[in-house]
Amino acid sequence: MRIVNMPVEDRPQEKLLYSGAESLSTQELLALLIRTGTKEQSAVQLAEELLAVASNCGGLGQIDVKELLEVDGIGTSKACSVIAAIELGKRVAASRTEARSIIRDSTDAAQLLLAEFRDEKREHLVELMLNVKGEVEAKQIISIGELSATSVHPREVFAPAIRKSAAGIIVAHNHPSGDPTPSPEDIQATERLLEASKIIGIKLVDHLVLGYDSYVSLRAEGHIRN
């Protein structure tokens, strides 16, 4: 059934206007992003097909533009709208979590970052910049892509912290495999950052390796002593 032929109270846009966005199913929210259907399918039906594809890719959080474009009826504009909405949702959730966060230990830091990077298919190197009270002043992604001991350069890591006059930093990166076991390169990179931190005077509080729902602290593993 085409959306225009649905009872008014069942149309996604009208439901949102009169009952709020929380009253819509995920399928209906996607239908609003997709906006229009095809001759064969309504936007709601396209959304249902999109969700089926997403479930095979690990969920909406992991789907990318290329995979969306494989759905009949989803063109570049629709695919980009969906991906943009997913990314916006991630950023809103991250900003709410980060606001006035105080880092007492590695668990606090991991809780800020695990959900954000759980579904990423590439490695992200990110840092949290802390003030003297242990409060998060800023977060910045340093690099995206395969990381190595040589690519994690102290200059790129500490430059944002120097600009923010940070007292300390927590560096973290995700393992897309979901296994947070540190590699030899992770340990080497940590040692280089620790040496630089002592020279610069900005404390390296920790280096976290993030998995799907777990993490490893390089400080807890004994690789950071300062």
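Arg35 is partly exposed, with a relative accessibility of 46%; here buried means under 20% relative accessible area, exposed means over 50%, and partly exposed is in between (1.4 Å probe, protein chains only). The model is predicted, so local features need pLDDT of at least 70 and side-chain atom pairs count only at pLDDT 80 or more, while totals for chains, interfaces and linings use all residues. Residues are numbered from 1 along each chain as its sequence is written, and side-chain values use heavy atoms, with hydrogens and water left out.

Arg35 sits in the loop between H2 and helix H3 (43-56). Its phi is positive, at about 75°, although Arg35 is not a glycine. Most residues other than glycine have a negative phi. Ser165 is another residue other than glycine with a positive phi, near 55°. Ser165 is placed in the loop between H7 and strand E3 (168-174), and with a relative accessible area of 64% it is exposed.

## Overall make-up

The protein chain contains eight helices and five strands. Helices (H or I, at least four residues) and strands (E, at least two) are DSSP runs numbered from the N terminus. Along the sequence, their order in the protein chain is α-α-α-α-α-α-β-β-α-β-α-β-β.

The protein chain has 226 residues, of which 41% count as buried. Among contacts (heavy atoms within 4.5 Å) in the protein chain with a separation of 6 or more, 56% are between residues 24 or more positions apart.

## H1 against H2

Two packed helices are described by the angle between their axes and the distance between the axes. Axes are lines fitted to C-alpha atoms, for helices over the stretch in contact, and angles run from 0 to 180 degrees between N-to-C directions. Helix H1 (residues 12-19) packs on helix H2 (residues 26-34) at about 110°, and the axes are 9 Å apart. H1 is therefore roughly perpendicular to H2; the classes are roughly parallel (under 35 degrees), roughly antiparallel (over 145), roughly perpendicular (65 to 115) and oblique (the rest).

The crossing of H1 past H2 is left-handed. A crossing is left-handed if the near helix is turned anticlockwise from the far one by less than a right angle, and right-handed if clockwise. On the H1 side the contact involves Pro12, Gln13, Lys15 and Leu16, which meet Glu28, Ala31 and Leu32 of H2. By class, the contact of H1 with H2 has four nonpolar, one polar and two charged residues. Ala, Val, Leu, Ile, Met, Phe, Trp, Tyr, Cys and Pro count as nonpolar, Asp, Glu, Lys and Arg as charged, and the others, Gly among them, as polar.

## H2 against H3

The axes of H2 and H3 come within 8 Å and cross at roughly 115°. This crossing of H2 and H3 is right-handed. H2 contributes Thr26, Gln27, Leu30, Ala31 and Ile34 to the contact, and H3 contributes Ala43, Val44, Leu46, Ala47, Glu48, Leu50 and Leu51. The residues of the contact of H2 with H3 comprise nine nonpolar, two polar and one charged.

## H7 against H8

Helix H7 (residues 154-163) and helix H8 (residues 184-200) have axes that come within 10 Å and cross at roughly 40°. H7 and H8 are therefore oblique to each other, and H7 passes H8 in a right-handed crossing. Pro154, Val157, Phe158 and Ile162 of H7 make the contact with Arg192, Leu193, Ala196, Ser197 and Ile200 of H8. The contact of H7 with H8 has seven nonpolar, one polar and one charged residues.

## Three further residues

His124 belongs to strand E1 (residues 124-130) and is buried, at a relative accessible area of 7%. A polar atom of the His124 side chain lies 2.9 Å from the backbone oxygen of Arg122.

Leu218 is in the segment after strand E5 (215-217) and is buried, with 0% relative accessibility. Leaving aside neighbours within four places in sequence, Leu218 is in contact with Pro182, Ile187, Thr190, Asp206, His207, Val209, His223 and Ile224. From Leu218 to Ile187 the separation is 31 residues in sequence and 7.6 Å in space, C-alpha to C-alpha.

Gly178, in the loop between E3 and H8, is partly exposed at 23% relative accessibility. Apart from neighbours within four places in sequence, Gly178 is in contact with Gly211 and Tyr212. The C-alpha atoms of Gly178 and Lys121 are separated by 9.9 Å, and these residues are 57 residues apart along the chain.

Notes
Polar contact = N/O pair within 3.5 Å; in protein donor to acceptor, adjacent residues only side chain to side chain.
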